[in-house]
Amino acid sequence: MRILPYERFTIQSPLPVDELTHRLRSGVAPVRFSLRRPAQPFQGSVHGDRFVIHRVLGYRNSFRPEITGRVVPAGGGSTIEVSMALHPVILAFMGFWLTIAALVFVGFGIAVVSRAANARDVGVFPFLFLPFGLAVCTIGFRIEANRTKQALYRLVGAVAA
């Protein structure tokens with residue numbers, strides 16, 4: 001069971017592998033520090049039939065999905081196998097956050113149940129720490145994942161399933 005957001009999907013296309021990788025390359029700008037947004041909808045790298053990209057945003061969202069994938073031949077066309085996950089640094093931070101939140105949740109829960117602390121004194125904040133972290137991470141990721149998926153379908157000229 002996954003606690004942090006992650007998504008896998010495939011895109012079917014009648015186009016050959018070479019055409020799809022060409023479309024990916026033309027829609028992906030290299031990652032560079034610049035104050036100007038690139039014209040392409042994605043940044044990252046495309047090497048052969050594999051890619052590691054993320055959508056270009058005009059705002060900050062630390063929960064933006066990092067996309068990895070590969071283009072494989074399938075029947076008369078191609079299939080793009082895609083995985084979307086949190087950036088590894090954000091994944092580590094959220095792992096730390098949620099571990100601390102779980103410890104606080106369990107610790108205060110035990111204190112209240114064992115009557116070592118009065119429920120009124122503890123309040124609800126310690127019990128909201130864990131759901132808040134999960135909600136912020138999941139909602140931020142899910143909103144961007146949906147937008148990213150649509151942008152990727154447009155880039156490769158496929159129709160969303």
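**Sheet, helices and salt bridges in a predicted model**

Pro14 sits in the loop between β1 and α1. Helices (H or I, at least four residues) and strands (E, at least two) are DSSP runs, numbered from the N terminus. The model is predicted: local features need pLDDT of at least 70, side-chain atom pairs count only at pLDDT 80 or more, and totals for chains, interfaces and linings use all residues. Residues are numbered from 1 along each chain as its sequence is written, and side-chain values use heavy atoms, with hydrogens and water left out.

Pro14 is exposed, at 69% relative accessibility. Here buried means under 20% relative accessible area, exposed means over 50%, and partly exposed lies in between (1.4 Å probe, protein chains only). Residues up to four places away in sequence aside, Pro14 touches Gly76 and Gly77. Contact means heavy atoms within 4.5 Å. Pro14 and Pro73 are 59 residues apart in sequence, yet their C-alpha atoms are 9.8 Å apart in space.

The sheet is open and has 6 strands, in the order β1-β6-β5-β4-β3-β2. Its pairing is mixed. Two strands pair if DSSP finds at least two bridges between them. At the edges stand β1 (6–13) and β2 (28–29), each pairing on one side only. Strands β1 and β6 run antiparallel and are joined by 8 bridges. Within this pairing, Glu7 stands opposite Met84 in β6. Strands β3 (residues 42–47) and β4 (residues 50–55) are also antiparallel, with 6 bridges between them. Ser45 faces Val52 of β4 as its opposite residue.

Helix α1 (residues 17–27) lies across β1, β2, β3, β4, β5 (66–74) and β6 (77–85). The helix runs at about 160° to β5. Axes are lines fitted to C-alpha atoms, for helices over the stretch in contact, and angles run from 0 to 180 degrees between N-to-C directions. Strand β1 has a covered face of Glu7, Phe9, Ile11 and Ser13. Its uncovered face holds Tyr6, Arg8, Thr10 and Gln12.

The whole structure contains 6 salt bridges. A salt bridge is a side-chain nitrogen of Lys or Arg within 4 Å of a carboxyl oxygen of Asp or Glu. One of them joins the side chains of Arg142 and Glu7 (2.8 Å, N to O). This pair links distant parts of the chain: Arg142 is in helix α4 (residues 125–156), Glu7 is in strand β1, and 135 residues separate them. Glu7 is buried, with a relative accessible area of 13%. Arg142 is partly exposed, at 31%.

A second salt bridge pairs Glu81 with Arg70, with the closest N and O atoms 2.8 Å apart. It links strand β6, which holds Glu81, to strand β5, which holds Arg70, across 11 residues. Both residues are partly exposed, Glu81 at 31% and Arg70 at 30%.

Phe96, Ile100 and Leu103 form a nonpolar surface patch, with about 310 Å² of accessible area together. Patches are made of residues with over 30% relative accessible area and no salt bridge; like charges are joined within 9 Å, nonpolar side chains (Val, Leu, Ile, Met, Phe, Trp, Tyr) within 5 Å. Accessible areas come from the Shrake-Rupley method with a 1.4 Å probe; for residues, only the protein chains shown count as cover. Ile100 lies in helix α2 (residues 88–113) and is partly exposed, at 33%.
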